[in-house]
Amino acid sequence: MARPPLESTYALWKKGYVFIDSTCRALGVKAFRTRLMMRSAICMQGEAAARLFYDNEKFMRAGAMPARAKKTLVGEGGVQGMDGHAHRHRKQMFTRELMSPERIEHLVRLHRGHWKEAIQAWKPGSEIVLFREAQKLLCKSVCAWAGVPLTGHELDRRAREFGHMIDSGAKLGPHHWRGRWARKSCERWLGQLIEDIRHYGEQGQAGSILQSIAWHRDEHGQRLPLQVAAVELINILRPTVAIAQLAVFCALALHFFPACRQKLQQGDEDYLGWFVLEVRRFYPFFPFLAAVVREDFCWQNLEFKRGQRVLLDIYGTHRDPGLWRDPAQFIPERFKDWDGNSFGLIANGGATYEYHHRCPGEWITIALMKAITRVLVHEIEYTVPAQDLRLDLGRIPALPESGFIIQPVITPRYLEKKHANS
């Protein structure tokens, strides 16, 4: 009988998204004990595991995130590492004040406009790296939406820095240090903006997200420390820029499953929603979630010890045949009669937004994925030149090496010139 690996740090680094799933399949289990970075850990997957993982009496988030990820991806002092009343109070800043339907619709309108401006500048036959273009346009949109001033020459730099944070969380060597430098740079930049608001009073857009975070008070009535406020602002900007990866996944799905494009061209809003959900289920976005055991307990013949780190497998749960019919197939229609199971589709976390660590940015993610898909289907005609579009599941985050290159065939500017000359 196969035994769980005693130490899995290298295997996790090497296999990436498929490490937990492949190990569970080899062992014939849904959970196993191992060691990661010389620390005891339990890895698990599936709906039952997700329901357990979101039991706030059994797990907490403080201390769950490895130091490497704090220094690059998520920062220190932010809402992801909080628990209990402090977490719920901080979360309200995001769910109630910052992410209302009206605010999200405003962001979508901004982003749609920025895509149209960019497409106007494209020339037929030119090569556009979709991932880089999406990163830049998402950065431009979310900064404008949040009230963060961003001059023209700054756009490329800040989009690149947010990209480095996202790319470096699971990297070693120069890639990791590049992510740390990018985080420090952005925290200094945004911290200075927040400090200026606090020192000089209301500036810029009245009621902006930047101002809301600058003046936010914690559960004790105190303003957030400057560095923590900068981290929380980044927790809105960075994940929005990360949607560039999902933009590529939408383009991949349209390319490899042309029947989906044909259905989307008919303008069916229900199908667009199913398509976006299936992209989030099918493609590898974030690999797993982390928590720490509060008190000793047993589950499925495994002993969970206080202080032990636990990883919940997102990728494997999304490929679980017990949850999904034909999970290796791309079938948007599977969501036609979906019951909304918040422990099955966990791309942005599971359970509830209010009381658990499910990301309220999921609303923004879905809205922007729909907007980007509409652009790819309705706003531009393009070809996909020969390139390697394989996804390396050992790389976190997973992307085609090319970043998905497209060549515009007919652009709005080309049509305007043609009409003017006719």
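Is Y271 buried or exposed? Y271 counts as buried, at 5% relative accessibility, where buried means under 20% relative accessible area, exposed over 50% and partly exposed in between (1.4 Å probe, protein chains only). Here are my notes on the rest.

1. A word on the basis. This is a predicted model, in which local features need pLDDT of at least 70 and side-chain atom pairs count only at pLDDT 80 or more, while totals for chains, interfaces and linings use all residues. Residues are numbered from 1 along each chain as its sequence is written, and side-chain values use heavy atoms, with hydrogens and water left out.

2. Back to Y271. Y271 and W274 make an edge-to-face aromatic pair, with 6.1 Å centre to centre and 70 degrees between the planes. Rings of Phe, Tyr and Trp (its six-membered ring) pair if their centres lie within 6.5 Å; planes under 30 degrees apart count as stacked, over 60 as edge-to-face and the rest as tilted. Because Y271 and W274 are 3 residues apart in helix α14 (residues 269-282), about one helical turn separates them. W274 is buried too, with a relative accessible area of 17%. Helices (H or I, at least four residues) and strands (E, at least two) are DSSP runs, numbered from the N terminus.

3. The other rings. The structure holds 22 aromatic pairs. Ring pairs also link F53, Y54, F59, F297, W299, F304 and F343 into a cluster.

4. R261 may interest you. R261 sits in helix α13 (residues 258-264) and is buried yet has no salt bridge; E381, the nearest side chain of opposite charge, is 9.1 Å away. A salt bridge here is a side-chain nitrogen of Lys or Arg within 4 Å of a carboxyl oxygen of Asp or Glu, and Lys and Arg count as positive, Asp and Glu as negative, with His and the chain ends not counted.

5. What R261 does meet. The side chains of R261 and Y382 are joined by a polar contact of 2.7 Å, and a polar atom of the R261 side chain lies 3.2 Å from the backbone oxygen of L376. A polar contact is a pair of N or O atoms within 3.5 Å; within protein, one must be able to donate a hydrogen and the other to accept it, and residues adjacent in sequence count only if both atoms are side-chain atoms.

6. Finally, the strands. β1 (residues 31-36) and β2 (residues 39-44) pair in the antiparallel sense over 6 bridges (pairing needs at least two DSSP bridges between two strands). C43 in β2 is the bridge partner of F32, and L311 in β8 is the bridge partner of C43.
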